[in-house]
Amino acid sequence: MSYVHHTVLLVDSDSDQAHFTRLALQRVGVITPVQLARDGEEAIAYLSGAGDFGDRELHPLPMLMLLDLKLPHISGVGLLSWLREQQALRRLPVVVLTVPVPAADLNRAYELGCNSFLIKPNSFNALLVLMQGVAQYWLGFNVTPGVGAEAAEVGGQYGPAA
């Protein structure tokens, strides 16, 4: 199965981890380029369409965000808190993909509305299996709400993704 027109925003400051996550997503059929933000500030700029991210043809709103909690400047928890305060973006599905963290961070992420919490595996093969599950569930089976202007104009997207 391939996933076309399924923009994923990967927010990860670890360039090696981001590279392997993008590669794993490509290998499991995520054809649309995975957009990358290297920290919380860049993710907010991307989601807001600010600066270099103003062209929504080049930088479309994602239908899924993969979020590392360990980010410079604005933490993943801070980004999640900001996201849930944004009327047009607050329903964006967020899968936390991070290193092991204290239980307080895990609980805080769920309190702020993360939709799933996954620990980064130590091998590429395990990451590949994890991304297969993420892609199948979140891009294939999950019914997503509309985000951005789509949500404001038509009340969201209903039905399984094509």
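User: In which sense do strand β1 and β2 pair?
Analyst: This is a predicted model, in which local features need pLDDT of at least 70, side-chain atom pairs count only at pLDDT 80 or more, and totals for chains, interfaces and linings use all residues. Residues are numbered from 1 along each chain as its sequence is written, and side-chain values use heavy atoms, with hydrogens and water left out. Strands are DSSP runs of E with at least two residues, helices are runs of H or I with at least four, and both are numbered from the N terminus; two strands pair if DSSP finds at least two bridges between them. Strand β1 (residues 8-11) and β2 have 3 bridges, and the sense is parallel.

User: Which residue in β2 stands opposite V11?
Analyst: The strand order of the open sheet is β2-β1-β3-β4-β5. β2 (35-37) is an edge strand, pairing on one side only. The residue of β2 opposite V11 is A37.

User: At what angle do the axes of helix α1 and helix α5 cross?
Analyst: Axes are lines fitted to C-alpha atoms, for helices over the stretch in contact, and angles run from 0 to 180 degrees between N-to-C directions. The axes of α1 (residues 15-27) and α5 (residues 124-141) come within 9 Å. They cross at roughly 55 degrees.

User: Which residues in α5 does α1 meet?
Analyst: Contact means heavy atoms within 4.5 Å. From α1, the residues involved are Q17, F20, T21, L23, A24, L25 and R27. Their partners in α5 are F124, L127, L128 and M131.

User: At about what angle does α1 run to β1?
Analyst: α1 lies across β1, β2, β3 (64-67) and β4 (94-98). Its angle to β1 is about 155 degrees.
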